[in-house]
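Biologist: I am new to this structure. Could you take me through it step by step?

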Amino acid sequence: MAAFIRTIAAAALSAALTSGALAADGQGFLETIKRHTTLTSAVPENGDQNPYAIVVAPVSAGLIHKDDVLIDNFNNDANLQGTGTTIVAYNPATKKTSLFAQLPRDLAGCPGGVGLSTAMTMLKSGWVIVGSAPSTDGTTATKGAGCLVVLDSNGKVVGTLAGPTINDPWGNMAVVDNGTTAILFVSMAGFDVPDYRKIDPATGKPPIIAKATVLRIELAIPEGQPPKMVSQTVIADGFGQRADKDVFMIGPTGLAIGPDDTLYISDALANRVMAIPNATKATTSAGIGREVTKDGLLQRPLAMCWTPNGHLLVTNGLNGQVVEIDPANGKQLYARWIDANKAQTPPGSGDLFGIAMTPSGDGFYFVQDEVNTLVVAR
Amino acid sequence: MSESNGSGMGGGGKCPFATRRGFLAAAGGLIAAVGAGPNAEAATDTKTVAAAKPETIVEPFWGRHQGGIVTQAQKHTYFAAFDLTAKNRAEIVELLKTWTAAAAQMTQGKPARPIGSDLSVPAGDSADALDLSPARLTVTFGFGAGLFVKDGQDRYGLAAHRPAALVDMPRFNGDQLAQNLTGGDLSVQACADDPQVAFHAVRQLARLAYDVAQLRYTQTGFLPNSPEGTTSRNLMGFKDGTQTPPEKPTADNPLSRDDVVWVEAEGGDWMRDGSYLVFRRIRMALEHWDRTVVDFQEQVIGRRKYSGAPLGAEHEFDPLDLDATDKEGNPVIPDTAHVRLAAAASNDGAQIFRRGYAYNDGTNVTAERWPPWRQGLEYDAGLLFLSYQKDPRTGFIKIYENMAKLDMLNQYTTHVGSGLFACPGGPAEGEFIGQRLFEKA
């Protein structure tokens, strides 16, 4: 999926240039991106659909080679959301894709079962941690609270984390990984989210429930043993979350931890990026934190990652663009149409979830949710 | 089946309605009464037909290959799959004998069985094609895996003769197969230039199978009346069938149609000169497609919509240049364009011979599988995909495995029915279809 993007990408870029003064000065990352190359289908043998999270493996361990791209699937083969159970691994060296893990649909310790979400990471110690935001019929009418699942590097489940602070781990994880200890930041978007058919008469849509949180989980990882939760703290709360017939639910999705200990959060429903200070140290919730940027090129910001030059890339849920933001001043630099699939209106709408930089920092991986593919932009 | 045998099946004695012509003559004035034109009369038996350019309305039934495979596509098809309920192999042999005889008659424009003169019993033929031209009717028979093994049971002692190529179809990405549109122990593909003639043929055969085989599913299909020498457009508005194996190898294609279609010695005696039929009922999200801008439709297909030319070329039959790139190195024909993924060059040279039809089964409530996940009353229309090949493992299955995962067109299409059938070589006059299989077994 590349040539058809060309025309639109050029148009989008020129549109972005008019709105982002810095672009002309050549200070952004997106201006270096020229090509999009489809790498693989993310669909494993069992037919799971809807790729969500992307994680680039930091180490080789078990079935995984360093720099492999792990991708999880949110839907089963009938395309029901919250029912996907698989993680595939794409090896950039061999260009082969293989099944890394297939979790049981029902998993003890995971309320509601397994439907793998955008929350996933692989630690330097080789453990993989992935979120479940499950349903049985593809809608929030049957959603469960889910859990975080811990897998070894051979794809075997070794434990789960669940409890009152965990309710549909949803957004991509921000991680501080020190080897024998690690800190995870995970957004929870399921608290009191109702059946999608419950409509707010004022808006004609399901009600927005301002109960989404960001949970910080501190892990100890003894040599040769699975990670153990040492403590957990809600460091942000009050973000909007809403059931949705088409996309299951909408809530805070992108998380990225900065070098100054600021955690950035994409607040999808409010169409903004927020910042929480002292993220690894805070002992209480900062609420929704400080607004970094809002609206403009953002169109329901979802997944988020860092560029080598210290900018944030945020994917848009309501079109196929990725937006580059300078968090230091909150300026939106560019929007690039990375999924210009005109099968949707606007092109690429509803298609982008996971995003991750390549190990060398020369581009980024993203998933095209609508066609179940992994693409690299360079 | 000879005409005298046909008369004999009518219940004994000479039957005045042994042929359509006989019936019409006996009915006296019926032609005028129903307003049938010269073609109707011409169709009443082969002698009259012969005077009216038989090659235009009659396709051969007996021969090395079954009709309806490389026969120039008729305008209509009626496809049927059957489940066998026969108690033993002898009943199947009897059925195939009966079907062969009836099909031979019908392709000549005659009733499946003599109609008979006794009005107190059901007639030998339903008579809905009585005054119609044979309309180039072909009837193509196929054997599904269930003839050989079903639910692990060797019901008819034929398991040892199941060809290796008659595999269980793998599950493909995106498959949404309905069980009542999938599988089947026997298949019948009736094609004709008149939809009523095609339906008539299957209807008679189904009736002759009562208590031995029962219908599992049926599917109608049609082709547009495209101008002579042009490639037909499918319901998506694109020319469909530009890339097809040529009758003889060309500089661009080392395989002829015969190379692609016909089983040779590897199929054993009974499949020699036969072919494997892959059936797929492919529903198109036409409402979604109609809302899609044309230039993107062209990127999805990899061809220009109106001219049929490959992207980057000017004319319909210009070769696909899969290596062409723009100045930034992006491919001119996208990585995931339909024509790229279907091309022999993308599949180690694999090719199939497509003989598909459009289908239109009205509307029903459905939920699209792709953003924006539209739901509601939508056309149940699309492609009745029929393809022939010498081995599905190196044909359809090989080609579609990758397409099912990557083809951009998958956002608009859903495979809801599927079947694979071994179509034996054609019967010599006096043989029945598949006879060499049963002689061997």
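Modeller: One definition comes before the rest: buried means under 20% relative accessible area, exposed means over 50%, and partly exposed lies in between, with a 1.4 Å probe and protein chains only. This is a predicted model, in which local features need pLDDT of at least 70 and side-chain atom pairs count only at pLDDT 80 or more, while totals for chains, interfaces and linings use all residues. Residues are numbered from 1 along each chain as its sequence is written, chains are lettered from A and ligands numbered from 1 in the order in which they are written, and side-chain values use heavy atoms, leaving out hydrogens and water.

Biologist: How many aromatic pairs are found over all chains?

Modeller: The search of the whole structure finds 27. Rings of Phe, Tyr and Trp (its six-membered ring) pair if their centres lie within 6.5 Å; planes under 30 degrees apart count as stacked, over 60 as edge-to-face and the rest as tilted. Phe143(B) and Phe438(B) form an edge-to-face pair, because their ring centres are 6.4 Å apart and their planes stand at 80°.

Biologist: Which parts does the pair of Phe143(B) and Phe438(B) tie together?

Modeller: Phe143(B) lies in strand S2 (residues 138-143) of chain B and Phe438(B) in helix H16 of chain B, so the pair ties together parts that are 295 residues apart in sequence. Helices (H or I, at least four residues) and strands (E, at least two) are DSSP runs, numbered from the N terminus. Both Phe143(B) and Phe438(B) are buried.

Biologist: What about Trp289(B) and Tyr412(B)?

Modeller: Their ring centres are 4.8 Å apart and their planes are at 85°, so this pair is edge-to-face. It links distant parts of the chain, 123 residues apart: Trp289(B) is in helix H12 (residues 286-290) of chain B, and Tyr412(B) is in the loop between helix H15 (396-406) and strand S9 (413-423) of chain B. Trp289(B) and Tyr412(B) are buried.

Biologist: Which residues do ring pairs link into a cluster in chain A?

Modeller: The cluster consists of Tyr52(A), Phe74(A), Trp170(A), Phe248(A) and Phe353(A).

Biologist: Back to helix H16 of chain B. Is Gln435(B) buried or exposed?

Modeller: Gln435(B) is buried, because its relative accessible area is 17%. This residue lies in H16, which spans residues 435-440 of chain B.

Biologist: And what about Asp348(B): buried or exposed?

Modeller: Asp348(B) counts as exposed, because its relative accessibility is 71%. Although Asp348(B) is not a glycine, its phi is positive, about 55°. The residue is found in the loop between helix H14 (338-342) and strand S6 (353-354) of chain B.

Biologist: How many residues of helix H13 of chain B are buried?

Modeller: Six of the eight residues in H13 (residues 294-301) of chain B are buried, and the helix is mostly covered. Among them are Phe296(B), Val300(B) and Ile301(B). Gly302(B) follows H13(B) and has a positive phi, near 95°.

Biologist: Now the domains. How is chain B divided?

Modeller: Chain B has domain 1 (58-224) and domain 2 (257-423), with bounds that come from an automatic or database domain assignment. Their C-alpha centres lie 25 Å apart.

Biologist: How many residues are in contact between the two domains of chain B?

Modeller: In domain 1 of chain B, 51 residues are in contact with 44 residues of domain 2 of chain B, where contact means heavy atoms within 4.5 Å.
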